[in-house]
Amino acid sequence: MSFLRQADELDAEARRVVARRLVRELPDQPTVLDVGCGAGGMSVALVEALSARGGGTVVLVDATPELLDAATTAARSAANYEADTTTATVRVRPVLADVATERPVEIVGAAQLVWASNVVHHLPDQRAAVVGLVEAVASGGWLALAEGGLSGKFLPFDLGIGEPGLQDRLAAARAQWFVRMRENTAGSVRLAGGWNLALSEAGLVDVTAFSYLVDHPAPPKQAVRDWAVNQLRWYEEVAGDLLHPADRRTVRRLLDPQDSSFLGLRDDVFLLTANTVYLGRKP
Ligand SMILES: C[S@@+](CC[C@H](N)C(=O)[O-])C[C@H]1O[C@@H](n2cnc3c(N)ncnc32)[C@H](O)[C@@H]1O
């Protein structure tokens, strides 16, 4: 939870731009679904974007009660944050649901925009999940699926300890972990081809994609250092066994608050990542 919150804070500015772009084409008083909303970073951005253009409803869906509660609190506070004459009412509706087993359209009805970020790759049958999301898009509405992009960079090439190029080896280990994670997901079905094809095959038209950058250059604010520590800890946890022992030693030093190389105090840490959003319209 705290890791998702940290990421939400660092992604906030970029997501605000994405949310404004996505709601621009919607009719008045639209309903927007945030499926797998996590701690609510994009939910807040969607509320703010709707608030600035006449209001609407944001429905939050997640299978983890604590995350759904956190997202609801954040989104509701954004809905009330500027109760002045220039902003309009946005209703926030939380729904606890497992979209691997329940069809979103049956739980929440149809929406003019369905946003699903980094959730579909957790589901056993990703193609079926896309079909389920498309069912929840109202005729003429949009599905915006955020998956993939460029994995985040946060380390300088030569850290001054260990072998240079650790970031790229971490990315390679993460890719192997991802394959393993998919294979170990119960009932996992392989998704052959790219997300744009999955959207077209599910019946969407005008399928396109764009990517947005999250860019916090060095020297970092403390929030970036803290995020980097947690990110590296996560890499160590899920993919540490895939690293060379020498790299594992470097990672341990970077994570040790007593070490002079500790990531949480370095001035050369940064965050640079690109997220891709696949967009399609329901005829
Ligand atoms: C990696 S997080 C992404 C959170 C957020 N959308 C973002 O992009 O920052 C994945 C989210 O999907 C939720 N999730 C995973 N499997 C789910 C399922 N079967 N049904 C509903 N939500 C699910 C998790 O609880 C978590 O909040």
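In the predicted model, residue A146 has V277 of strand β7 as its bridge partner. Strand β5, spanning residues 137-153, is joined by eight bridges to β7, which covers residues 271-281, and the two strands run antiparallel.

Among the helices, α1 (residues 2-23) and α2 (residues 41-51) have axes that come within 8 Å of each other and cross at roughly 40°. Because angles under 35 degrees count as roughly parallel and those from 65 to 115 as roughly perpendicular, the two helices are described as oblique to each other. The crossing by which α1 passes α2 is right-handed. On the side of α1, the contact is made by D8, D11, A12, R15, R16, A19, R20 and V23, and on the side of α2 by G41, M42, A45, L46, E48, A49 and L50. Classified by residue type, this contact between α1 and α2 comprises eight nonpolar, one polar and six charged residues.

Taken as a whole, the protein chain contains nine helices and seven strands. Its radius of gyration is 20 Å, close to the 19 Å given by the globule rule for 283 residues, and the chain is therefore as compact as a globular protein of that length. Along the principal axes, the C-alpha atoms of the protein chain fill a box of roughly 55 × 45 × 30 Å.

Key
Residues numbered from 1 in each chain as written. Predicted model: local features only at pLDDT ≥ 70, side-chain atom pairs only at ≥ 80, totals over all residues. Axes fitted to C-alpha atoms, helices over the stretch in contact; angles between N-to-C directions. Helix = DSSP H or I, 4+ residues; strand = E, 2+ residues; numbered from the N terminus. Parallel < 35°, antiparallel > 145°, perpendicular 65-115°, else oblique. Left-handed = near helix turned anticlockwise from the far one by under 90°. Contact = placed C-beta atoms within 7 Å. Nonpolar A, V, L, I, M, F, W, Y, C, P; charged D, E, K, R; others polar. Pairing = 2+ DSSP bridges. Rg over C-alpha atoms; globule rule 2.2 N^0.38 Å.
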